Amino acid sequence: YLNSNAVFVEKILRVAPNVKKLYLLLRASTEKSATQRFKDEILGKDLYRVLKEKYGPNLNQLTSEKVTVVSGDVSLEDLGLQDTDLEHEMIHQVDAIVNLAATTKFDERYDIALGINTLGVLNVLNFAKRCAKINIFVQVSTAYVCGEKSGLIMETPYRMGETLNGTTGLDINHEKKLVEEKLDQLRVTEASPETITQTMKDMGLTRARTYGWPNTYVFTKAMGEMIVGAKRGNLPLVLIRPSIITSTIKEPFPGWTEGIRTIDTLGVGYGKGRLTCFLGDLNAVSDVMPADMVVNSMLVSMAVQAGKQKETIYHVGSSLRNPLKNEKLPEIAYHCFTTKPWTNKEGKVVRVKNIEILSSMASFHRYMAIHYLIPLKGLALLNIVLCKLLDKSLKDFHRKINFAFRLVELYQPYLFFNGVFDDTNTEKLQGIVLKTEAETEMFCFDPTVINWDDYFVDIHVPGLVKYVF
């Protein structure tokens, strides 16, 4: 979650300059390359401009005093720590651990996703247990560990071996063994890197669907939750389950974002004139939450739950108290890109039209058949007549259609998602620690204050255009 990671570090440095030390574990082979990653991928971002304005040339001194960059890898049992003196220092100094490490690709290679999202949690937890002063462990998960459940989804834990479809036999050690056996088998047959990647991607989706999860990402995150719940001992545990994390609404300034979410892919595709239809249940709700509000909920939950030997789960989302209906999205996109049209690389302004709404998978397949599959057959015939002169065009057309079908297959559970996330614990949290108006504002994560039209038109879409595209 590089998006949340960067926002989290920035917020602490900006509002809590008295923090003694932040140890930031970044995946890298050496301390030098980890430090370079921190400078380029975190400090180098526009996100830090408010801090730069506040501290000026003293920012480097502040970060060198407050932030220790640690090279490592959560997928390794010892976290890949190479500096034994630094490891010793951390074990005697660290009093809070936040695990934001994740791979968020829906169809990630199963070995990679299992290594980071599931076994990585165990590795970080084991390290936390070695820390002498530890009094809180925060695991950032996702609200969508619920799979395709509908109705009110509660803030309840997943117990070891629990599945969404009732299929028995889910065992994390067995999953690890299956991955190792499959990789050994692929190496013995001298499979190409491309074949290995595709086989491991397919394996992840197959294993997820065997137990009722729609994709590798949410399946491995759910198993990560199971591990931390079962093995935490007496360690105080906060499980944060954010919904879809979008650009900052307020801090350090509105509109900062990094990476693309489901709704962004659709929105920008439409703005660029490439997407002519919207697929989804218009009566369903898209649950989105600005990144700064997610970070605020994390910080407040740490303060409230520190030292309490229990597990508390927080859904950080908007679907219960300020639902964003899917029917609003095409309206907002049309308004955004007619008032501020996209200008392409050639400098030509792209004029968008009202989008065609497809409210079922059947209507999507019909749309694709009429607009793409029938023309594809015509192109194939023409290619035969022209002695395969159009081979390249045909392959490109084929590839694009297959890509569209795969994207829809991966995103379909969210386009037709009918769940609403109960946030009783999160609502209680907002009122517990915040005594003054300044604190309430500084650590706000109340979704009811968001006006979705204003947020998307004035903040989110301009932020996307500026920082992502």
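Colleague: Lys45 first: what is its relative accessibility, and what does it count as?

Modeller: This is a predicted model. In it Lys45 has a relative accessibility of 23%, so it counts as partly exposed. The cut-off for buried is under 20%.

Colleague: Which side chain does Lys45 meet in a salt bridge?

Modeller: Glu258, at 3.3 Å from N to O.

Colleague: How many salt bridges does the count come to?

Modeller: The count is 18. One of them joins Glu311 and Arg159, 3.5 Å from N to O. Glu311 belongs to strand β11 (residues 311-316) and Arg159 to the loop between β5 (151-153) and α7 (172-188), so this pair ties together parts 152 residues apart in sequence. Arg159 has 45% relative accessibility and therefore counts as partly exposed.

Colleague: What does Glu175 pair with?

Modeller: Arg207, with the closest N and O atoms 2.7 Å apart.

Colleague: Why do Glu175 and Arg207 count as they do?

Modeller: Glu175 counts as buried because its relative accessibility is 0%. Arg207 is also buried, since its relative accessible area is 16%.

Colleague: Which residues are linked in a network of salt bridges?

Modeller: Glu10, Lys11, Arg14 and Glu251 are linked that way.

Colleague: What about Asp281, where does it lie and what is the nearest side chain of opposite charge?

Modeller: Asp281 is in the loop between β8 (277-279) and β9 (285-286). The nearest side chain of opposite charge is Lys325, 8.3 Å away. Asp281 is buried but has no salt bridge.

Colleague: Then what is Asp281 in contact with?

Modeller: Setting aside neighbours within four places in sequence, Asp281 is in contact with Asn326, Leu415, Phe416 and Asn418.

Colleague: Changing topic. Where is Asn451 found?

Modeller: In the loop between α16 (437-442) and α17 (452-467). Asn451 is partly exposed, because its relative accessible area is 41%. From Asn451 to Val465 the C-alpha distance is 20 Å, for 14 residues apart in sequence.

Colleague: Now the whole protein. How many helices and strands?

Modeller: There are 17 helices and 16 strands. The radius of gyration is 23 Å, close to the 23 Å from the globule rule for 469 residues, so the protein is as compact as a globular protein of that length.

Colleague: What does the C-alpha trace span along its principal axes?

Modeller: About 75 × 55 × 45 Å. Of the contacts with a separation of 6 or more, 82% are between residues 24 or more positions apart.

Colleague: Last one: how far apart are the mean positions of the positive and negative charges?

Modeller: They are 3 Å apart, for 56 positive and 54 negative charges.

Conventions. Residues numbered from 1 in each chain as written. Predicted model: local features only at pLDDT ≥ 70, side-chain atom pairs only at ≥ 80, totals over all residues. Heavy atoms only, no water. Helix = DSSP H or I, 4+ residues; strand = E, 2+ residues; numbered from the N terminus. Rg over C-alpha atoms; globule rule 2.2 N^0.38 Å. Contact = heavy atoms within 4.5 Å. Lys, Arg positive; Asp, Glu negative; His and termini not counted. Charge placed at Lys NZ, Arg CZ, Asp CG, Glu CD. Buried < 20%, exposed > 50% of the residue type's maximum accessible area, 1.4 Å probe, protein only. Salt bridge = Lys/Arg side-chain N within 4 Å of Asp/Glu carboxyl O.
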